[in-house]
Amino acid sequence: MQNYIDIHSHNLEFQDNVTSIKNIIANQPFNIEQNHCYSIGLHPWYLNFDSKESDLENLSKVCRLHEIKAIGEIGLDRLCETNFELQIEMFERQLLLAEQINKPVIIHCVRAFSEIISIKKRLKPKVPMIIHGFNQNKQVLSELLRHQFYISIGSTVMDINSNAFYLLDKIPKEQLFFETDDSKNHVSKIYEIAALRLKVPEYELIGQINFNFDTVFN
């Protein structure tokens with residue numbers, strides 16, 4: 001039986017038949033269990049100018065552990081109080097770290113997609129970059145796909161009036177992931193709704209996302 005892939009979750013409980021990437025905020029307390037999968041990064045909400053060097057140093061050590069499968073979530077957020085220039089600096093430095101250790105990146109982005117795309121064009125990282133929790137308009141999606149980002153869809157797909165639901169069939173299946181993020185929904189429910197929206201058998205969708213996972217993370 002194939003596992004469901006949950007590419008980004010804040011739920012630290014582990015579930016049968018689900019391969020879940022648990023999110024760790026690098027400058028907050030955390031615990032890593034062997035034989036489980038995690039992403040770790042300095043989230044734009046919690047950046048601190050005074051501790052940025054020590055935070056990056058600690059991240060650089062931990063992110064090399066086998067259990068750490070990705071750097072993230074990292075990114076840019078125009079709605080949070082963190083200085084935007086600091087956000088850009090730390091996003092770029094973490095992206096370069098991901099490139100150094102050859103692990104994919106999970107991206108948090110709020111109203112800063114043009115900056116994220118610009119940074120990718122300038123730094124030219126080879127590691128896969130995944131936009132998590134996508135629920136934007138068609139124009140943003142088109143630009144992200146044109147620049148070879150992966151797109152992760154969360155529980156917003158369960159709302160038939162959402163952009164995530166409406167645009168799901170515009171995302172190439174080989175660039176698609178699903179996630180629970182901070183919702184209480186089981187990831188299987190997201191797959192169920194997505195399969196209905198895409199008019200494909202659920203097992204086929206599970207197989208495609210497993211293939212994408214193996215491509216990006218292995």
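Does Asn-102 count as buried or as exposed, and at what relative accessibility? At 61% relative accessibility, Asn-102 counts as exposed, because exposed means over 50% relative accessible area, buried under 20%, and partly exposed in between (1.4 Å probe, protein chains only). The model is predicted, so local features need pLDDT of at least 70 and side-chain atom pairs count only at pLDDT 80 or more, while totals for chains, interfaces and linings use all residues. Residues are numbered from 1 along each chain as its sequence is written, and side-chain values use heavy atoms, without hydrogens and water.

Asn-102 lies in the loop between H2 and strand E5 (105-110). Helices (H or I, at least four residues) and strands (E, at least two) are DSSP runs, numbered from the N terminus. Asn-102 is not a glycine, yet has a positive phi of about 60°. Lys-199 also has a positive phi, near 60°, and is a residue other than glycine. Lys-199 sits in the loop between helix H6 (187-198) and helix H7 (202-217). With a relative accessible area of 76%, Lys-199 is exposed.

The backbone has a cis peptide bond between Gly-72 and Glu-73, with omega about 0°. Glu-73 belongs to strand E4 (residues 68-77).

Ser-9, in strand E1 (residues 4-9), is buried at 1% relative accessibility. The side chain of Ser-9 makes a polar contact with the side chain of Thr-180 at 3.2 Å. A polar contact is a pair of N or O atoms within 3.5 Å; within protein, one must be able to donate a hydrogen and the other to accept it, and residues adjacent in sequence count only if both atoms are side-chain atoms.

The largest nonpolar core has 75 residues. Such a core is a set of buried Ala, Val, Leu, Ile, Met, Phe, Trp, Tyr and Cys residues joined through side-chain atoms within 4.5 Å. Ile-153, Phe-178 and Leu-205 have the most contacts inside the core. Helix H2 (residues 84-101) gives the most to this core, with nine residues.

H2 and helix H3 (residues 113-123) pack at an angle of about 45°, their axes 11 Å apart. Axes are lines fitted to C-alpha atoms, for helices over the stretch in contact, and angles run from 0 to 180 degrees between N-to-C directions. H2 and H3 are therefore oblique to each other. Angles under 35 degrees count as roughly parallel, over 145 as roughly antiparallel, 65 to 115 as roughly perpendicular and the rest as oblique. Residues in the contact (heavy atoms within 4.5 Å) include Phe-84 and Ile-88 of H2 and Ile-116 and Leu-123 of H3.
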